[in-house]
Amino acid sequence: MGDGKVGVVFVSHSALIAEGLVDLARQMAPTVNLVPAGGTDAGGIGTSFEKVSAAISEADAGHGVAVLCDLGSAILTAETALDFLDDVLRARVRVVDAALVEGGVAAAVTAETGGDLDAVESSARSAVFGPVSEAPAGAAPAAGGAGFSRTVALTNKDGLHARPAAEFVKLANTFAARVTVNGKDAKSLLGIMALGLVQGTDVTIASADPEGEDAVNALAELVASGFGES
Amino acid sequence: MGLDGAWARAWLETSAAVVAEHRVELITLDRAIGDGDHGENLDRGFQAALAKAGDLAPDTTPADVLKLIATTLISTVGGAAGPLFGTAYLKAAGAVAGSDDLDADAVVTLLTAARDGIVLRGKAEPGDKTMIDAWTPAVDAAAAARDAGAGPAAVLVAAAAAAEGGAIATDPLVARKGRASYLGERAIGHRDPGAASTALLLRAAADVAGER
């Protein structure tokens, strides 16, 4: 499992948090090596050098490992574990400074879409639930001007929740063109989830890029399909 | 004459005893501004290191003992103290590797490497209310004592006294690193547990050096 993909390790003081986060991220990243390293060796609250070291080795499939941590001493344990790895493995392991849950989910999704370690780190670091990030410059809606846009109704009962949102972002990432969803970056999972799109909402998918038409059509059809949900 | 492997072993034994003796005190300090596990974790780590010391060769060097302590603390201490003290002992071991006769200069080198290792790992600066507030005055005092012509045991005595002063001086500080940093001004009036344990460990080093 995890062939060709970056692995992700969740280091928490609590085994339940680390394992729960694997369950959560697994929904959106079914084929990534997601490995929990929570709690002490004795099962208490704390972090374990042995567990973190073993988790890194388990998560690695040769394409790098992103390690996300909760509180300060988890970071110290993870960085110490890195020091003890052999040079070859250490060169492709990174402790990522990001919010554990939000960043962890974003990292897992980016790994699922085939992103490299830089992309995984970048998505984790930028994933925070705050003001919705604006679409990148140059991805202005294509109203009347160059570009392409389609509006479809969201049919699934629970709206664009985590699983379909991840599916949407995965598909968006397969296209080079910049695409927006109601003005937000179609490649940002948390940005899209923060739109709070519910059943019946009109979703406008647009691209100002001349090559964006295929991407807009594919994404519009995915939304119109209801993501396989009723 | 300098400090040898027997000194390092005695330091480990006394450290384990002193940490066990002060376990509750360290837990109490940590409970006030941290997560309350410092005494327990450090005690478990040093007891584990003590148990492994029997495997050391009779002609073991100080670096061998320090490395044993380092790897044991890293693998058995769950809190921040494991990686921080573990890195300190590891860097100290590297700094005096191969020597079985540590003079005053070597002791300063050992202490400096330990302090630098903790800074590297934890990124704390003096005044952040961390163990660095005990380690840095200890290193400075050790260097001053060496410059004044002190022997290795006297260098350690100077370091221990400065660490004790540094630990006390953390009382009025607001923490800028670690769990205590979440408390803001509520950390004022409490001693940093890592600075307190640093002072205990350096005092143990001085005591066993003085007996030799």
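I began with helix 1 of chain A, where A18(A), L21(A), V22(A) and A25(A) are buried (under 20% relative accessible area, exposed being over 50%, with a 1.4 Å probe and protein chains only). They cover an arc of only 105° around the axis, taken from the directions from the helix axis to the C-beta atoms, which puts them on the same side of helix 1 of chain A. An α-helix has 3.6 residues a turn, so residues three or four places apart point the same way.

I note that this is a predicted model, in which local features need pLDDT of at least 70 and side-chain atom pairs count only at pLDDT 80 or more, while totals for chains, interfaces and linings use all residues. Residues are numbered from 1 along each chain as its sequence is written, chains are lettered from A, and side-chain values use heavy atoms, without hydrogens and water.

I then looked at the other face of helix 1 of chain A, turned away from the buried side, and found the exposed residues L16(A) and D23(A) there. The buried residues pack against strand 1 (7–12), strand 2 (34–38) and helix 5 (100–112) of chain A, contact meaning heavy atoms within 4.5 Å. Helices (H or I, at least four residues) and strands (E, at least two) are DSSP runs.

I checked the length last: helix 1 of chain A (residues 15–26) has twelve residues and reaches 16 Å from its first C-alpha to its last, close to the 16 Å expected at 1.5 Å a residue, the expected span being 1.5 Å times one less than the number of residues.
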